[in-house]
Amino acid sequence: MIVGSKLSLLLLSLTLVVGFASHGQNSASTELKIADAKPRKTSRSWSFALGGITREEGKDNEAAAFFYGGVNYDYQFTPWLNAHLSPRASIFSSRVQERYSDSGEESRLWMYDGYLSLDPVENYQLLGGALNQGYHGTGLLISSLRSFPGVQAIAKFGVGDFKAAVVAQQVIPTSHSLNTERLSEEKLPLFTTQTLVIEGRHFDLIQWKGRAGFYSWSNIPNKVVDESRNIGNLGAGENVAGSRFLYDHQGWYLATDFCLCGPYWLGGVLEFERVHNLKAPGNSADAQLVGVGPKMVFGEVEVDLRFRSFFSESDSSVAAYSKSKFGNTNRRGINIEANVNFKKEGFSIFAQNYQAEPINRITNQRDLSIIYLGVET
């Protein structure tokens, strides 16, 4: 298994060799929508979502109206140097009573994605900046709202409707620690991954995509460890400064979905995700999600219904950075989601419900219920 910063740098070098040896087109997007054309000199787009949320966990509760807004801006300096900026704003008007805050549900302005892309040859990219982590494809490992400063090397290749990419990255998980919250100077935290991304389309009927790779969290700050202990991870220590995990977090992950999306009005989607921590014992190391549902098309209106069953044992990943709608780690539950996409008008109506309970009830966690309703462009 390839984990750790030195081996990751080696993989970056190997990826560079692969990039120089292959041929094709490139795309400046950490979401890795493997495109077939270079961007225009400049391109801009915007999006927003407006809706409401209710969240209950034991005596904790939240009721809020929210607004998410963002702009995507691409600028091509030269054929080999591009810039991509995706600032985001979230505004909440809420009544909240909670023991532990959720940074994903607070008013803030942040950089969802913002990087320079160096494309020395076709089919190879080197990115540096604030890198969104959604391309991993699984919130069981890391939330798609997380963006960390760091570097990525991407090599792409493909034949016909089959496309693939190898991504090696090393980023710094963001956090803020006061002197009173640590015993000594803390080492630089790192999140290192090596990922194979593949996608394909066959017979104008079947679409599929997959993500698979290795991950490693290291030198997680005391404050983040303490937060993670409150929302699922196992640890020790009587205060923030002395907090530590019982187990390291290094392992592998897999995320894939298969869509029967042909010219007919009725299709369907099957999803599967898996995370395994090689450093934790068997009853603490795994997370898994299985999803299934129909997709229906009525003219310019597309309806996507999804039922998901999931579990995340205590130390499958660092809880503070995993998807909070799943309840972070030490959880099992279900998610029901409905999306109605008005393609001609360019907006969607969505509804989401999450129900999760603690796997090990000797924790601070309680049964969790979340409902989202809204509209998005």
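Val-167 counts as buried, at 0% relative accessibility. Buried stands for under 20% relative accessible area, exposed for over 50% and partly exposed for the range in between, with a 1.4 Å probe and protein chains only. Val-167 has its place in strand β7, residues 162-171. Strands (E, at least two residues) and helices (H or I, at least four residues) are DSSP runs, numbered from the N terminus. The C-alpha atoms of Val-167 and Gly-213 are separated by 9.2 Å, the two residues being 46 residues apart along the chain.

The model is predicted: local features need pLDDT of at least 70, side-chain atom pairs count only at pLDDT 80 or more, and totals for chains, interfaces and linings use all residues. Residues are numbered from 1 along each chain as its sequence is written, and side-chain values use heavy atoms, with hydrogens and water left out.

Gln-125 is another buried residue, at 1% relative accessibility. Its place is in strand β5, residues 124-132. The side chains of Gln-125 and Ser-117 are joined by a polar contact of 3.1 Å. A polar contact is a pair of N or O atoms within 3.5 Å; within protein, one atom must be able to donate a hydrogen and the other to accept it, and residues adjacent in sequence count only if both atoms are side-chain atoms.

**Strand pairing**

Two strands pair if DSSP finds at least two bridges between them.

| Strands | Bridges | Direction |
|---|---|---|
| β2 (residues 60-78) and β3 (residues 81-97) | 15 bridges | antiparallel |
| β3 and β4 (residues 108-118) | 10 bridges | antiparallel |
| β12 and β13 | 10 bridges | antiparallel |
| β13 and β14 | 11 bridges | antiparallel |

β2 and β3 form a hairpin with two residues between them. In β3, Ile-91 is the bridge partner of Phe-67. Towards β4, Ala-89 has Leu-109 as its bridge partner.

β12 and β13 also form a hairpin, here with five residues between them. Gly-251 has its bridge partner in β13, namely Asn-277. For Gly-267 the bridge partner is Lys-295 in β14. In a regular strand the side chains alternate between the two faces of the sheet.

**Disulfide**

A disulfide is a pair of cysteine sulfur atoms within 2.5 Å, and by this rule the count comes to one. The disulfide joins Cys-259 to Cys-261, with an S to S distance of 1.5 Å. Cys-259 and Cys-261 are both buried.

**Aromatic rings and charges**

The structure holds 15 aromatic pairs. Rings of Phe, Tyr and Trp (its six-membered ring) pair if their centres lie within 6.5 Å; planes under 30 degrees apart count as stacked, over 60 as edge-to-face and the rest as tilted. Trp-265 and Phe-298 form a tilted pair, 5.9 Å centre to centre and with 40° between the planes. Trp-265 lies in the loop between β12 (249-260) and β13 (266-277), and Phe-298 lies in strand β14 (residues 286-298), so the pair ties together parts that are 33 residues apart in sequence. Phe-298 is partly exposed, at 47% relative accessibility.

Phe-342 and Phe-347 make a stacked pair, 4.8 Å centre to centre and with 20° between the planes. Phe-342 is partly exposed, with a relative accessible area of 22%, and Phe-347 is partly exposed at 27%. Elsewhere, ring pairs link Phe-66, Tyr-68, Phe-92 and Tyr-372 into a cluster.

Charged side chains also meet rings. The charged end of Arg-88 sits over the ring of Tyr-112, at 4.7 Å from the ring centre. For Arg-108 the charged end sits over the ring of Trp-110, at 4.0 Å from the ring centre. A charge sits over a ring if NZ of Lys or CZ of Arg is within 6 Å of the ring centre and within 35 degrees of the ring normal.

**Helix α2**

Helix α2 covers residues 222-230, and its buried residues include Asn-222, Val-224, Val-225, Ser-228 and Asn-230. The buried residues of α2 pack against β11 (244-245), where contact means heavy atoms within 4.5 Å. After α2 comes Gly-232, whose phi is positive, near 140°.
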